[in-house]
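Me: I would like to go through this structure with you. Could we begin with its overall organisation?
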Amino acid sequence: MGTVTGQPTQLLIDGALVPGGAGAFPTINPATEEPIGEAADADAADLDRAIAAARTAFDSSDWCRDTELRVHCLRQLRDALNDEIETLREITIAEVGAPRSLTYRGQLQTPVDDLEFPAATADNYPWRVDLGVAAPMGITTARTIVREPLGVVGAITPWNFPHQVTLAKLGPALAAGNTVVLKPAPDTPWCAAEVGRIIAEKTDFPAGVVNIVTASDHRIGARLAEDARVDAVSFTGSTVTGRSVMTAAAQTIKKVFLELGGKSAFIVLDDADLDAACTAAASTVSMHAGQGCALTTRLLVPRERHREALDAVATAMSRVPVGDPSDPKTLCGPLISARQRDRVQSYLELAIAEGGTFHCGGGRPAGLDRGFFIEPTVIAGLTNDARVAREEIFGPVLVVLAHDGAADAARIANDSPYGLSATVFGSDDRAARVASRLRVGTVNVNGGMWYSADVPFGGYKQSGVGREMGLAGFEEYLETKVVATAVRERER
Ligand code: NAD
């Protein structure tokens with residue numbers, strides 16, 4: 001596996017593909033622990049030029065007014081990504097450790113195709129709404145509401161679903177008429193750099209509209225959030241980093257969207273099919289080794305069926321195909337890095353220290369001596385007060401808790417600093433009642449799918465601010481201007 005040239009990937013700044021001022025840094029295959037190549041390492045001067053280019057493209061070109069060009073460029077990008085989808089797939093598997101099967105859905109194909117949604121939204125959007133003539137405070141006035149882009153958007157992304165997060169930011173931000181500086185996670189620079197190369201080589205995006213600065217140093221992201229020339233920051237990542245992005249952005253009163261962590265609950269009511277629910281919970285938390293912000297990581301089961309549920313979920317978890325992400329059958333690949341593997345391992349040790357037990361898993365899978373793998377693990381014997389039930393672990397780790405009925409289940413689900421997502425299994429009307437009590441951004445009832453280009457996604461509480469995707473996500477990237485024109489006597 002390597003880039004086409006065998007050279008480090010490049011930055012995209014002001015329309016040109018350029019090397020990094022800080023040289024290059026390795027990108028690692030998490031399934032083998034081997035470097036697969038190098039990426040350009042941006043320094044502060046590269047970031048400075050990228051922000052300046054985005055500023056100039058916004059202030060001095062017609063990009064923000066030319067909806068037709070924007071729709072054309074986004075559709076061109078979707079088609080160009082599709083033309084190279086097999087190369088992108090192999091990079092995503094090698095660099096992210098993403099199971100191959102997921103690259104046909106949320107890891108790659110779906111977000112590429114979903115670029116159509118912001119393109120079509122921009123094409124049909126009511127950019128000007130005429131409110132007609134009225135006489136507020138006695139002054140006869142024609143009123144128009146105009147929607148305009150925010151300006152320069154700083155986009156900062158994590159490594160777990162790099163194409164999904166990147167394209168769910170670029171699509172609406174660009175469709176709305178903004179210019180963008182994207183700072184991807186240091187663990188997955190190639191995924192973003194390939195998007196940059198394709199934009200530079202295969203699309204008509206004007207110079208400076210999209211800039212992509214891969215960097216090994218997290219402080220490049222911090223500088224982007226602080227810079228006074230940036231009008232808004234769209235951040236996806238951990239709640240800890242989100243807090244510091246919000247603090248940095250506050251210095252210049254930037255608009256901030258935050259898509260952060262979660263500790264989502266999977267509620268099984270006493271009238272649910274317990275086996276079906278446990279099987280769904282097991283595959284959800286094991287998918288991509290549990291590295292998904294909205295995956296359900298607390299399984300809440302009726303107290304009287306707790307033992308039965310533990311056995312059912314442990315059986316399902318122990319059957320999850322773990323291993324080589326390039327194998328089409330794999331569901332649970334490696335964690336992204338040694339650091340993440342050690343972090344998950346330390347949570348497993350904490351679970352035991354807190355008095356919990358493993359009902360399955362708890363270590364490195366047998367026969368996988370290389371790669372950052374952790375077994376799908378079920379933790380039992382704890383309550384919702386335990387740290388492993390409250391903190392985001394970001395691994396294939398499910399904490400099973402007992403509840404005393406629907407109201408108690410909703411209470412436990414809501415007893416969390418997070419509010420990203422939840423699942424409820426039970427008879428339709430009772431499950432719907434529980435769903436209405438949950439303080440979360442998305443609820444899956446009996447296996448329903450909330451992820452879709454036209455559906456807004458985001459969190460309550462410390463899971464975030466704002467929404468991504470859907471019309472709500474598009475409108476996050478817009479300002480609202482009112483033009484009030486006095487109507488003179490003779491014009492009436
Ligand atoms: P992270 O917070 O460590 O890093 C995210 C990005 O922020 C990276 O690009 C990183 O370089 C950058 N960064 C680090 N320090 C920064 C700073 N001080 N200022 C600005 N940028 C900085 O997150 P991660 O480990 O890459 O990703 C995993 C986290 O992302 C999990 O918590 C997960 O729940 C969350 N996530 C949330 C969503 C969502 O939509 N809610 C989606 C995917 C991932």
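Me: Which domains is the chain divided into?
Reply: This is a predicted model. Its chain is divided into domain 1, covering 11–260 + 464–481, and domain 2, covering 265–445.

Me: What distance separates the centres of the two domains?
Reply: Taken over C-alpha atoms, the centres of domain 1 and domain 2 are 31 Å apart. Domain 1 contributes 24 residues to the contact, and domain 2 contributes 26 residues.

Me: And how much area do they bury between them?
Reply: About 2000 Å² is buried between domain 1 and domain 2, with 60% of it on carbon and sulfur atoms.

Me: How many salt bridges are there between domain 1 and domain 2?
Reply: The count between these two domains is one salt bridge.

Me: Turning to the whole structure, how many salt bridges does a search find?
Reply: The search finds 31 salt bridges. Among them is the pair R147 and E475, whose side chains meet at 4.0 Å, N to O. R147 lies in strand β6 (residues 141–149) and E475 in helix α17 (residues 470–475), so this pair ties together parts that are 328 residues apart in sequence.

Me: What about R370, which residue is its salt-bridge partner?
Reply: R370 forms a salt bridge with E34, and their closest N and O atoms are 3.5 Å apart.

Me: Now the helices. At what angle do α2 and α8 pack?
Reply: Helix α2 (residues 67–83) and helix α8 (residues 189–202) pack at about 115°, and their axes lie 10 Å apart. The crossing of α2 and α8 is right-handed.

Me: Which residues meet there?
Reply: From α2, Q76, L77, A80 and L81 meet V195, I198, I199 and K202 of α8. The residues of this contact comprise six nonpolar, one polar and one charged.

How values were computed. Residues are numbered from 1 along each chain as its sequence is written. This is a predicted model: local features need pLDDT of at least 70, side-chain atom pairs count only at pLDDT 80 or more; totals for chains, interfaces and linings use all residues. Side-chain values use heavy atoms; hydrogens and water are left out. Axes are lines fitted to C-alpha atoms, for helices over the stretch in contact, and angles run from 0 to 180 degrees between N-to-C directions. Helices (H or I, at least four residues) and strands (E, at least two) are DSSP runs, numbered from the N terminus. A crossing is left-handed if the near helix is turned anticlockwise from the far one by less than a right angle, and right-handed if clockwise. Contact means heavy atoms within 4.5 Å. Ala, Val, Leu, Ile, Met, Phe, Trp, Tyr, Cys and Pro count as nonpolar, Asp, Glu, Lys and Arg as charged, and the others, Gly among them, as polar. Domain bounds come from an automatic or database domain assignment. Buried area is the accessible area (1.4 Å probe) that two parts lose on being put together, summed over both.
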